Amino acid sequence: MKIILLGAPGAGKGTVAKVLTELDGSVQISTGDILRGAVQAGTELGKKADAFMKAGDLVPDELIMDIMKSRLQEPDCKKGFLLDGFPRTIPQAEALKTLLSDLGLTLDMAVSLEVPCEEILNRLTTRRTCENSACQAIYNVRSSPTKIEGICDKCGSKVVQREDETEEAISRRLETYNEKTAPLIGYYKEEGLLMPVEATVTDEVVKAIQDRLKS
Ligand code: AMP
């Protein structure tokens with residue numbers, strides 16, 4: 001499958017993507033995970049992205065497009081991909097359209113995960129993420145805690161609250177989402193690719209996507 005997952009921070013894009021990858025070997029491409037990995041590794045990209053991320057602002061489109069141009073050409077994308085957190089601006093969506101057309105690839109759909117605002121805030125403040133950049137498993141202290149407190153079930157690394165999940169950064173990220181990313185819903189509707197889905201329960205979202213792909 002070749003899918004874009006749209007939705008506010010905390011809407012469940014990463015969680016849904018991880019379940020979908022297990023179905024058919026499509027890869028999850030999360031620009032947020034790639035950037036956090038770069039920050040942790042102290043690369044040039046990480047140094048450029050760090051301050052934007054901490055503040056809850058978007059990293060400049062050019063940096064993101066450089067990442068995506070090379071990532072989408074890696075061999076593991078041949079089976080399909082789930083774009084999680086990309087595109088996030090109209091210019092990124094336009095650049096993606098050109099890139100996919102150059103690569104001879106067509107999107108199946110853009111799924112918009114819709115979750116009520118109070119639920120988003122609730123999820124973001126209780127979310128915890130594995131600090132190992134190769135894992136980045138997602139937990140929630142209330143709904144899906146680790147088996148041993150603070151330790152990732154999958155890789156044994158420490159599970160932490162992300163630096164951009166302080167109350168201040170969360171509210172900035174939500175503002176940024178409304179201003180820059182929400183217009184993508186209209187964009188993909190016009191492109192005839194939009195699939196809106198109520199996203200409170202992960203399994204229901206996955207089933208709806210599978211059903212749509214079959215039809
Ligand atoms: P995420 O894990 O998707 O919530 O992303 C965390 C942070 O990484 C965002 O708040 C942005 O600062 C940055 N980021 C991730 N993806 C993008 C993107 N497509 N465009 C710009 N910035 C991004």
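On a 1 Å grid laid over the protein atoms alone, a pocket is defined as an open set of points with protein on both sides within 12 Å along at least five of seven lines, whereas a cavity is a set of points where a 1.4 Å probe fits but cannot get out; lining residues have an atom within 4 Å of a point. The analysis concerns a predicted model, in which local features need pLDDT of at least 70 and side-chain atom pairs count only at pLDDT 80 or more, while totals for chains, interfaces and linings use all residues. Residues are numbered from 1 along each chain as its sequence is written, and side-chain values use heavy atoms, with hydrogens and water left out.

The space taken by the ligand is the largest cavity, a molecule being assigned to a cavity or pocket if more than half of its atoms lie within 2 Å of its grid points. The ligand is surrounded by 16 residues, the closest being Thr31, Arg36, Asp57, Gly85 and Gln92, where a residue counts as near if one of its heavy atoms lies within 4 Å of the molecule. By class, this shell comprises six nonpolar, four polar and six charged residues, with Ala, Val, Leu, Ile, Met, Phe, Trp, Tyr, Cys and Pro taken as nonpolar, Asp, Glu, Lys and Arg as charged, and the others, Gly among them, as polar. Helix 2 (residues 31-41) gives the most to the shell, with four residues; helices (H or I, at least four residues) and strands (E, at least two) are DSSP runs numbered from the N terminus.

The largest pocket has a volume of about 690 Å³, a volume being the space filled by probe spheres set on grid points that are joined across faces, edges and corners. Its lining consists of 27 residues, of which Thr15, Ile138, Ser143, Ser144 and Thr202 lie nearest the centre, and helix 1 supplies the largest share, seven residues.

The second largest pocket, of about 380 Å³, is lined by 18 residues, with Arg36, Val39, Gln40, Arg162 and Glu163 nearest its centre. Helix 2 again gives the most, with four residues.
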